[in-house]
Amino acid sequence: MKFFCDQCGLCCKNISNSALYKDLDRGDGVCKLFNEQTNLCSDYENRPLKCRIDAMYELFYKDQLSLLEYYELNYEGCEKLKEKEQK
């Protein structure tokens, strides 16, 4: 199983509300590594660990949540960003 990302880019465009991603904020709430043309990280293969859903689960959350629970929490976050974007 692997996390499915539809590559909408909203998580990368809305990092200002998270202290975890503060170091990546280019000053307007958008990740400094975000590529507006591709909706991906400009260095996707080498993106920070904290931006890798599956790697983060293995390193930090696998003893606290099932993989399915972890994915559901991440999908919920995605949906909230999409709802916010539509308003």
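Analyst: A salt bridge is counted when a side-chain nitrogen of Lys or Arg lies within 4 Å of a carboxyl oxygen of Asp or Glu. The structure holds five salt bridges. The model is predicted, so local features need pLDDT of at least 70 and side-chain atom pairs count only at pLDDT 80 or more, while totals for chains, interfaces and linings use all residues. Residues are numbered from 1 along each chain as its sequence is written, and side-chain values use heavy atoms, with hydrogens and water left out.

User: What makes the contact of lysine 82 with aspartate 6 a salt bridge?

Analyst: The closest N and O atoms of lysine 82 and aspartate 6 are 2.5 Å apart, and the limit is 4 Å; the contact therefore counts as a salt bridge. Lysine 82 belongs to helix H3 (residues 67–86) and aspartate 6 to the segment before helix H1 (10–13), so the pair ties together parts that are 76 residues apart in sequence. Helices (H or I, at least four residues) and strands (E, at least two) are DSSP runs, numbered from the N terminus.

User: Why is lysine 50 called buried?

Analyst: Buried means under 20% relative accessible area, exposed means over 50%, and partly exposed lies in between (1.4 Å probe, protein chains only). Lysine 50 has a relative accessible area of 19%, so the residue is buried.

User: Which residue does lysine 50 form a salt bridge with, and why is that partner given its accessibility class?

Analyst: The partner is aspartate 23, with the closest N and O atoms 2.6 Å apart. The pair links distant parts of the chain, 27 residues apart: lysine 50 is in the loop between strand E2 (40–41) and H2, and aspartate 23 is in the loop between H1 and strand E1 (34–35). Aspartate 23 has 48% relative accessibility and therefore counts as partly exposed.

User: Why is leucine 59 called exposed?

Analyst: Leucine 59 has a relative accessible area of 56%, so the residue is exposed. Leucine 59 lies in helix H2 (residues 53–61).

User: What makes Leu49, Leu59 and Phe60 a nonpolar patch?

Analyst: Patches are made of residues with over 30% relative accessible area and no salt bridge; nonpolar side chains (Val, Leu, Ile, Met, Phe, Trp, Tyr) are joined within 5 Å, and like charges within 9 Å. Leu49, Leu59 and Phe60 form such a patch on the surface, with about 290 Å² of accessible area together. Accessible areas come from the Shrake-Rupley method with a 1.4 Å probe; for residues, only the protein chains shown count as cover.
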